[in-house]
Amino acid sequence: MTGSGTFITFEGIDGAGKSTHLTALADGLRAQGREVLVTREPGGTPLAEGLRALFLQQEMDPLTEALLVFAGRRDHLARVILPALARGSAVLCDRFTDATFAYQGGGRGFDLAVLQQLEAWVQRPPGAVAAAPIQPDLTLWFDLPPAVAAARRAAARAADRLEREDSAFFERVRSGYALRAEQAPQRFVRIDADRPPEAVWAQVQQAVAARGWV
Ligand SMILES: Nc1ncnc2c1ncn2[C@@H]1O[C@H](COP(=O)(O)OP(=O)(O)O)[C@@H](O)[C@H]1O
Ligand SMILES: [Mg+2]
């Protein structure tokens, strides 16, 4: 349950094409008169952006990392995402909880049961005693071989701590996303991101149109 709005998340490793297509979809929805909120995780509020800076720059143990990410997520949900959905906005979020499962769970091998518990607490609707966690209405997973993504981003900018991980790490991240997609097939759409930009965009448009949103 996400109010009257539409909550769409963009997932995949760096260089997959998330930002490119998030921007294009935001423009497309605005052109149709929709109110659109563009945001990202980790981050999306001053508190969560501060936590993001710590998370990206410093080494920390996996539980500390997971707690920081989920603390920021609670702030982001309660203060930004849920109010926007209640107003009827389309909320386009660059990464969300699936990324935590893919990176911390798949990539680093962190205990998935702990992540599931944090997800259940953090994504519980505010004020609800026992309710299913709030989830995106649609998750676009931009999937491609890590080597292709690495080639795309190589010249673009300096790598941060997570981007400097090796290809085996990114294969585990990819497997982490695949597991989440298997577990929630109704909200996940796998986008074949190893295609020319027009072909990737066509897949995004089809996923959104299939739900009657454009
Ligand atoms: N389908 C594509 N084919 C080739 N290059 C692409 C494609 N999609 C995006 N790119 C380029 O790859 C780089 C990473 O894209 P970006 O959208 O920033 O990915 P992400 O946000 O997932 O890291 C950018 O330079 C972008 O222009
Ligand atoms: Mg990006």
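Which strands does helix α7 lie across? In this predicted model, helix α7 (residues 167-183) lies across β1 (6-11), β4 (138-143) and β5, with contact meaning heavy atoms within 4.5 Å. Helices (H or I, at least four residues) and strands (E, at least two) are DSSP runs, numbered from the N terminus.

**The sheet**
- Five strands form an open sheet in the order β2-β3-β1-β4-β5, with parallel pairing; two strands pair if DSSP finds at least two bridges between them.
- At the edges are β2 (36-40) and β5 (188-192), each pairing on one side only.
- From one strand to the next, the twist averages 20 degrees.
- Strands β2 and β3 (residues 90-94) run parallel and are joined by 5 bridges; R40 has D94 in β3 as its bridge partner.
- Helix α7 runs at about 145 degrees to β4; axes are lines fitted to C-alpha atoms, for helices over the stretch in contact, and angles run from 0 to 180 degrees between N-to-C directions.

**Around ligand 1**
- The shell has 13 residues, of which G15, K18, S19, T20 and R195 come nearest; near means a heavy atom within 4 Å.
- Helices α1 (18-31) and α8 (197-210) each supply at least two shell residues, and α1 gives the most, with 3 residues.
- An oxygen atom of ligand 1 is 2.5 Å from an N or O atom in the side chain of T20.

**How to read the model**
- Residues are numbered from 1 along each chain as its sequence is written, while chains are lettered from A and ligands numbered from 1 in the order in which they are written.
- Local features need pLDDT of at least 70, side-chain atom pairs count only at pLDDT 80 or more, and totals for chains, interfaces and linings use all residues; side-chain values use heavy atoms, leaving out hydrogens and water.

Note on methods: Polar contact = N/O pair within 3.5 Å; in protein donor to acceptor, adjacent residues only side chain to side chain.
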